[in-house]
Amino acid sequence: MARASIKAGQGFAGGARSAVQGRQSVASPLAAAAAPEKQSGFEPSPWGDFFTGYLPEPLQRSEEWMLVRANELKEDVCMMFKSCNNMATQICLLDTLQHLGIDYHFKEQIDTMLSQILESEFFSSSSLSEVALGFRLLREHGHWVSPDVFNKFKTRDGGFSKDISHDTKGLLSLYNAAHLHVHGEPTLEEAITFARHHLRSMRGIDLKTPLANQVKRALHIPLPRACKRIETLHYISEYKGEEGYNPVLLKLAKLDFNLLQHVHLQELKAITEWWNSFSRNIGLSYIRCRVVESYTWASVVYYQRGFKLPRRIIAMMIVLITTVDDTYDIHATIDDCRKLHEAIQRWDESAVDILPEYLKRLYMELLITFKNIEDEVPANVDYNVSYLRKAFQNHVSGYLQEAEWSHNNHWPKFEDQVNLTSLTVGGPTLSLSVMAGVDRKIMKQSLDWAAGVPDVVRAGGKIVRFMNDIAAFKRRKCKGDAASSVECYIHEHGVTDKVAIARIDELIEEEWKILNKARFENHELLPALQPIIDLARSSSLFYDNRNDVYTLSTHLQETVESLFLKPI
């Protein structure tokens, strides 16, 4: 097979390295550290300086009034928990709160409710919808529930009964619940196949809204893998049509969304101003401007009030990863790659002397950015930035390995390629970034755990990497010599791209099982695990329909507008 010429995906951490040999660095003092003239060819961000000068329309009510009103509505919801004696009603309340994105206000009440359900006879219910909903919610919150709860819906021969084949709501609930399966659960594998078949057959009939929309979304992306913030946008618009609609919940959801939007806009302005200073100081014209897209990624992982620090750190890390990736991927010579790697491993101002002129300011800005992050961590937050710096250094070591492969025209084995690029896609670095949002009581334990790159971090990285590479392969961008996971599989096994992508889709399923299992392995660390799972879930936004909307960022524009510019 001829050497592939398809460029690997860019993603938030880019893809495999392109050819790096043969380019000359600019050493002339007259260049003032400017990058060589070669351009990246990436489309510009549609946002530019938009958010630095954006003045949103005045709120219909003052922010103070909205906060007071939201607190009043939260009290009303707390009363719902107290007055809800029926377990099925409680489960439906929790599901609605999650869909509307306001469950984070009621953690104590939710924990109490779930404990009560575990101790009750809830799963004796004959309702498929109720049993599946309870199964999903308990598993999502780290409580083990056996798949045997679904045996009552099976026939003597072991298959699911035809009696439930017309229960649309029940099948949808089953389909979503079963996607929280782990390895060795054939009942849930069968449940997915059974529910999918019957839900697809219903698409041609006249399903009522919003159920029809929910079925369509789930068949496209199962709920446990969907980006939660995007699901909230959908659900707020359709909740009025739900059976059991409660206007108090919708009012609170809309108030909360608009209040958070105001917070996010302030942060977007600040992070864009930081990017403008950073990009001006490094002076590299080939770097993608993706600061708004990076903040969007951060905000769908941590959207709640009180998480300004992790949002800022995540967004800055994605920007730094993109910057270094673009340098390795499309611009630097192999000697430049090695020197930049050496300097980053030394992490000292004196290391700037070994770098070519155009990389000196980039290197100094990296040091400054990490120091600034350290200074921004409040005294009452025990977040140790040295963990993050070490992860970033390891990340760049991976970039160098990819550059060496490319320089030597080396085809790595599929397994070797995946093991490396699932790390260089950003998993370990961003997993350390999201730890800035965990409670200080488990901060040190969480940092140590994430720094060890556990299986769940690798699994999340593989999901993002595979989806990134498939999107890149589908674009068939014919520049660069680096091979993606798709190309490596094709080369190693001598199969068509269709077969390779089908196999990689199967591997994505396996990685989701690892993520699902992690919920039950250490309940104390569940708050640290959840944002890592949300990073994987965010891939459904950035790589939906085999597209890379981080690189092709105009495709993300409507989502950005809905999240940050359009009050509900």
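Reply: What follows treats the aromatic contacts, then the core, the pocket and the backbone.

The model is predicted. A search of the whole structure finds 26 aromatic pairs. One of them joins Phe-370 and Phe-392, whose ring centres are 5.4 Å apart. Their planes stand at 55 degrees, and the pair is therefore classed as tilted, since only angles over 60 degrees count as edge-to-face. Phe-370 belongs to helix α14 (residues 357-376) and Phe-392 to helix α15 (residues 385-407), so the contact ties together parts that are 22 residues apart in sequence.

Elsewhere, ring pairs link Trp-47, Phe-50, Phe-51 and Tyr-54 into a cluster. Aromatic rings also meet charged groups. The charged end of Arg-139 sits over the ring of Trp-144, at 4.3 Å from the ring centre. Likewise, Arg-288 places its charged end over the ring of Phe-42, 4.7 Å from the centre.

In soluble globular proteins, nonpolar side chains tend to be buried together.

The second largest pocket holds about 1,200 Å³ of space. Its lining comprises 39 residues, and Asp-103, Lys-107, His-141, Gln-304 and Gln-530 lie nearest its centre. By class, the lining has 16 nonpolar, 10 polar and 13 charged residues. Helix α22 gives the most to this lining, with 7 residues; the helices that each supply at least two also include α3 (87-100), α4 (107-118) and α5 (128-140).

The backbone has some exceptions. Most residues other than glycine have a negative phi, and most peptide bonds are trans. The peptide bond from Thr-209 to Pro-210, however, is cis, with omega near 5 degrees, and Pro-210 lies in the loop between α7 (186-202) and α8 (211-220). Val-453, although not a glycine, has a positive phi of about 50 degrees; its place is in the loop between α18 (443-451) and α19 (455-475). Asn-545 also has a positive phi, of about 55 degrees, without being a glycine, and is found in the loop between α22 and α23 (557-565).

Conventions
Residues numbered from 1 in each chain as written. Predicted model: local features only at pLDDT ≥ 70, side-chain atom pairs only at ≥ 80, totals over all residues. Heavy atoms only, no water. 1 Å grid on protein atoms, 1.4 Å probe; cavity = no way out; pocket = protein on both sides within 12 Å on 5 of 7 lines; lining within 4 Å. Points joined across faces, edges and corners; volume = space filled by probe spheres on them. Helix = DSSP H or I, 4+ residues; strand = E, 2+ residues; numbered from the N terminus. Nonpolar A, V, L, I, M, F, W, Y, C, P; charged D, E, K, R; others polar. Phe/Tyr/Trp six-rings, centres within 6.5 Å; stacked < 30°, edge-to-face > 60°. Lys NZ or Arg CZ within 6 Å of the ring centre and 35° of its normal.
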